[in-house]
Amino acid sequence: MNFFSNTVPKILAAALLSSVLYGCGAKSIYYVAPQGNDQNPGTEDSPFASLAGARDFLRQSGELGDKPIEVIVRPGVYYLPETLRFEAKDSGSEGNEVVYRAEIEGESILSGGSRLELKWRPYRDGIYQAITPEGLAIDQLFIDGKSQRMARYPNYDPSKKAQAYQGFAADAFSKERAARWEDPEGGYIHAMHISRWGGYHYRITGKDDEGNVTFEGGWQNNRQMGMHEEYRMVENIFEELDAEGEWFHNQKTNTLYYKPIAGERLEEAKVEVVRLRHLVEFQGSESQPVRHITLKGFVARHAARTFMDTKEPLLRSDWAIYRGGAFKLSGTEDVSILDCEFDQVGGNAIFVNEYNRDTLVRGCHIHDVGASGVCFVGDPDAVRDPLFEYAEVNDLSKIDRTVGPKTNNYPSGGIVEDCLIHGIGTVERQPAGVQISMAMGITVRDTSIYDTARAGINISDGTWGGHLIERCDVFDTVLETHDHGSFNSWGRDRFWRNDHLTATQAAVDEDPDLPFLDAMKTTVIRNSRWRCDHGWDIDLDDGSSNYDIYNNLMLRGGLKFREGFRRRAWNNIAVNNGFHPHVWFRNSGDEVFSNIFMIPHQEIRVGFGGKRVDGNIFHSNDPSITEYDEAWNWENNALVAELEFVDPANGDFRLKDGSPAFDYGFENFPMDQFGVKKPSLKAIARTPDIPPLNMVSVEDGEEAVDAFWQGGRIHSLDGEEFSAYGVSKEDGGIAILDAPAGSGLATNGLVAGDLIQKVNGHPVSTLPDFFAALDRLGDGSLELLVIRNQQAKVVAFER
C-alpha cells in the first residue's frame, strides 16, 4: 500500500488542526526528534524522525508558500542516509518562509557519517586493530568527535603552524622510502606548488618494476608548474603508522588500525566515519528556484574530503575548484544559513554555485575545514571571452566589447556576516575563508577570519565586481604558502594579457573602458583590520581593477597594487609598513592619498605615476621619505611628522586631537568594530597580535627601514650598526631582526642577527635594492651571501 495514499491524509488532519484553530495564515509548527517516526504527524508529542520526513510531509500539506512554517529539530545526532535535498517544490514565499531550526542552537547535528561498533584488539607497537563492515571505505576517522590523521610521513607536528603540511620531507615518496611499503596503492602525495602558490595532490597507484612510486593527479592548481622538490608529504601508507592519533584502513582485509592517543579508552570511544560529500543540497534553477528556506542552528559534521576532485580552473586565477561543499546551493533565491557550525568538514563548508540570489550566511562558525569556508562561484559560460590558464591570451582586437555577463548564471547579492571562520585549508592549500569568482555584489561584513593556508578573503577575477568587504578582522593568513595576502585579488579578465605592458597597454590607450568590461562595478574594502606575516595585508595582484579601499588598519604587510586600473586608496593606516606599487600601467587612474604610511613607497617596475600618489602622511622624522622619481610627480604635498596615536600598544591607532594629519584629509575611524559581533562567537574568537610601533629614522643621511619578508622582520643598516656586523658602511646590508620558528627565514636556516649582503651575486645594501633584486630574479631559489658572527657564508634559500 502506498504510504502517501493512505497514511498522509490522517497525519495531515492531526498536524493541521492547530493551524486551523488559529485561523488562516497562522504559523504551522512541526517537530523532529531522534526518537520520532516519519509516519507520525510531526506534532510536539509525536514528532518526525528526520528532516527528510518533515520535508516530504510538507510537500503534501498544501501549506508551502501560504503560511510561515517552522520545523523544530530537537537535540541529537541525525545520521543522514543520503544527502538532504530541497527543490523548488519545497519553497516558501516572501513572508511565508520555511524555517528548519535546531531547538537548541548547536545541539542538533547533521552527520554525513556513520557510527561504528568495533571490537578492538592489540596489534603491535601500541597500535590496535578492529574488523570493519565489508565494503566500507573510510575517508576520515573520528574518535570522540575529533578527526584523526591518516598514517603519514613525516608525522604531523602542530607546533609547525607555518610550515608546509606541519611536516614535510624531500624524500616523502622517494624510491628508498617506498622500499619499506608493501602496497602503497591508495596512498596520497600532497606537495606544495613549486612557487608555493598553493598545492597539488596525487593518488598513489602503486610502484613500477624499478620500485619507483607511480601516481596520478596534480590538477588542483591552475598554475601548472610542478610540485616543490622539498615541501612534500604522503599519507594513507600502512608502514608509516607510528604516531599517536594516526590510523590506516585496509579495505582489502576490512581491518582498521589505530594508535590511540595517551589516555584514550578505545572500548568506550565513539567511533565515526564519513560517507557523504554533501550533507544538504538546494537544487533549483533560474526558472524554478528554491526560495525562502532557512536552516538555523545546526552543526554540520562528517562531510568527505574532495581534494582529488578539485579540478575545474577558475578562469586565469591560480585556483582550481570543486563545485560542492557540506551545504551546496544551486538555483536559489532568499535562502539563509543562520547560526550553523561547520565542524571539521573535509572539503568546502558552503558552496554557492552559479545562479543564486540574496543568499544569507549569518552567525556561523566555520572551522577546521579541508578546503574553503564559503564560496560564491558562477558559471564560466556567463563570462565573455573566458580564458582558463595564465599564459592564454585574447586577441584584443576581436574580443566582445559588451559590458558585463552573458547570462544570469552567477551568484549575486550574497552576504556573509557576523561569522567566525578559522582553520581553513586543513587538506587543500589553495583555500580562502571566503572565495568569490564570477559573481556580483557579494558582501562580507563583521566577520573574523584567521589560520588559513592562503588568503582570508580571495576575489579570483574582476567579473563582475560590486563587492563590499567591511568591518572584518583577517589575520594569520598565507601560513604555508607564498606571494599572497590576507586579502588577495586577481583581475586577469578579458583585457589582461601576460604581455600586459605592451599589448594590454596599447589596447587600453585606444579604449580606456577596456578594463571595466568585466570589473564593471566598484568593489569596496573598508573599516577592516588586516595582518599578513607572509605577504601583504591587502594584495591587489595581476589586473585587479576598480577598487575603493579606505579606513583599513594594516598591521604587518602593507598595501600592494600590481598592474590594474582605477584603484583608489585613502584614509588607511599601514603600521610599520606602507605602499607597494608594482608594475603599473600608463594612465592607470590609480589614486593613493591621505593614508598614514611608515616606510617609503616600495615601488618595483612602476614606470608611471598613476593619477595621484600625493598628500599621504608619513610617520617619520626623515624628510627624504617623500623623494621619488620626478617623472611620477609623487608626494609633492605629503606630510612627514612624528604622529601621536591614542593607544597603539593595544591596537588603537586613532590620532590624538590636534594631529597635523587632519589637515591632510585624514579622519579617524573606529578601532573597536573589527570582526565578529555575535556574543557567543566573539567570546571565542582570537584577535591579531599588535606589533610594537617603529619609526623611520635618519642618521648620517641614511635611512633605517624595517620590512617583513618570509615571515620575519628585516632591516636596512643605519648609523654605527655596521660595525657590529664587521662590515663597511658602504657595503651595508639587510639585517634579520627576527626569524620566528616556522617562518620561511627559519626553515631556510637564517637566524636573527644574520646580515644579507648579496642575492645571487647582486649586492644589496638597502631594502629597495633587496626587493628589486628579488623581483628581477623571479620565483626560483636564491643564493644568499650572509654575514653571521662576522663570518661570510652562503645560504641556499628556497622560496
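The model is predicted: local features need pLDDT of at least 70, side-chain atom pairs count only at pLDDT 80 or more, and totals for chains, interfaces and linings use all residues. Residues are numbered from 1 along each chain as its sequence is written, and side-chain values use heavy atoms, with hydrogens and water left out.

**Overall fold**

The protein chain holds eight helices and 68 strands. Helices (H or I, at least four residues) and strands (E, at least two) are DSSP runs, numbered from the N terminus. The radius of gyration of the protein chain is 28 Å, close to the 28 Å that the globule rule gives for 799 residues, so the chain is as compact as a globular protein of that length. That radius is taken over C-alpha atoms, and the globule rule is 2.2 Å times the number of residues to the power 0.38. The C-alpha trace spans about 95 × 65 × 55 Å along its principal axes.

Of the 799 residues, 61% count as buried. Buried means under 20% relative accessible area, exposed over 50%, and partly exposed in between (1.4 Å probe, protein chains only). The accessible surface comes to about 29600 Å², with 45% of it belonging to carbon and sulfur atoms. Areas come from the Shrake-Rupley method with a 1.4 Å probe; for residues, only the protein chains shown count as cover. Among contacts (heavy atoms within 4.5 Å) between residues at least 6 apart in sequence, 67% join residues at least 24 apart.

**Strand pairings**

Two strands pair if DSSP finds at least two bridges between them.

| Strands | Sense | Bridges |
|---|---|---|
| β4 (residues 84-87) and β21 (residues 280-283) | parallel | four bridges |
| β21 and β27 (residues 327-333) | parallel | four bridges |
| β18 (residues 246-250) and β19 (residues 255-258) | antiparallel | four bridges |
| β14 (residues 188-193) and β15 (residues 199-207) | antiparallel | five bridges |
| β15 and β16 (residues 213-217) | antiparallel | five bridges |

Strand β21 pairs with β4 and with β27. L84 has V280 as its bridge partner in β21. E281 stands opposite K328 in β27.

Strand β15 takes part in two hairpins. With β14 it leaves five residues between the strands, and R196 in that turn has a positive phi of about 60 degrees. With β16 there are again five residues between, and G211 in the turn has a positive phi of about 90 degrees. Y202 in β15 is the bridge partner of I189. Y202 also stands opposite G217 in β16.

An open sheet of five strands runs in the order β8-β9-β19-β18-β12, with mixed pairing. β8 (121-124) and β12 (149-150) stand at the edges, each with a single partner strand, so one side of each is left without a neighbour in the sheet. Within this sheet, W247 has Y258 in β19 as its bridge partner.

**Helix α4**

Helix α4 covers residues 500-510; H500, T504, Q505, A507 and V508 are buried there. Seen down the axis, these buried residues fall within an arc of 165 degrees, so they line one face of the helix. The arc is that of the directions from the helix axis to the C-beta atoms. On the other side, T502 and E510 are exposed.

**S743**

S743 sits in the loop between β64 (734-738) and α7 (744-747). S743 is buried, with a relative accessible area of 3%. A polar atom of its side chain lies 2.7 Å from the backbone oxygen of P740. Leaving aside residues up to four places away in sequence, S743 touches Q710 and G711.

Key: A polar contact is a pair of N or O atoms within 3.5 Å; within protein, one must be able to donate a hydrogen and the other to accept it, and residues adjacent in sequence count only if both atoms are side-chain atoms.
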